[in-house]
Amino acid sequence: MQRQAEPLRVHRPLCHKPLGGAPSPLHLAASLGDAARLQQLRKDTAQWDEQVDKGDARRYTAFHVACAGGHAECVQVLVEGGCNTKLTNDMGVTGFELAKQ
């Protein structure tokens, strides 16, 4: 009996649009695993402070997105940047819980 090949899985960045339009720069960098870009964004403290804990339409923060995508370096940048790791998405799940899935 031959074993069937598993279907090819295509990785799509987990990034939902906020109610008002395009994803934030933090969400986009986190979804792509771009820790260097997050470091650059962190230098703009006013923008960082405004967006670091901002959720999208499903209340995913950049931290949720990085955790769900398995982007450990991005998670580290976000945590060092003071993100709130206890926020939950629209399903009541934290970023750390997403990382475990």
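Tutor: What covers the buried residues of α2 includes α1 (25-32), α3 (45-51) and α5 (72-80), where buried means under 20% relative accessible area, exposed means over 50%, and partly exposed lies in between, with a 1.4 Å probe and protein chains only. The helices here are DSSP runs of H or I with at least four residues, numbered from the N terminus, while strands would be runs of E with at least two. This is a predicted model, in which local features need pLDDT of at least 70 and side-chain atom pairs count only at pLDDT 80 or more, whereas totals for chains, interfaces and linings use all residues. Residues are numbered from 1 along each chain as its sequence is written, and side-chain values use heavy atoms, with hydrogens and water left out.

Helix α2 itself spans residues 35-43, and its buried residues are Ala35, Leu38 and Leu41. Viewed down the axis of α2, these buried residues fall within an arc of 115°, so they line one face of the helix; the arc is that of the directions from the helix axis to the C-beta atoms. On the face of α2 turned away from this buried side sit the exposed residues Ala36 and Lys43.

In α5, the residues Cys74, Val75, Val77 and Leu78 are buried. Seen down the axis of α5, they fall within an arc of 165°, so they too line one face of their helix. The exposed residues Ala72 and Glu73 are carried by the face of α5 turned away from its buried side. The buried residues of α5 pack against α1, α2, α3 and α4 (62-69), a contact being heavy atoms within 4.5 Å.

How do the two helices lie against each other? Two packed helices are described by the angle between their axes and the distance between the axes. For α2 and α5 the angle is about 15° and the axes are 8 Å apart, which makes α2 roughly parallel to α5. Axes are lines fitted to C-alpha atoms, for helices over the stretch in contact, and angles run from 0 to 180 degrees between N-to-C directions; angles under 35 degrees count as roughly parallel, over 145 as roughly antiparallel, 65 to 115 as roughly perpendicular and the rest as oblique. Just after α5, glycine 82 takes a positive phi of about 90°.

To place this pair in the whole, the protein has 6 helices and 0 strands, following the pattern α-α-α-α-α-α along the sequence. Buried residues make up 33% of its 101 residues, and among contacts between residues at least 6 apart in sequence, 60% join residues at least 24 apart.
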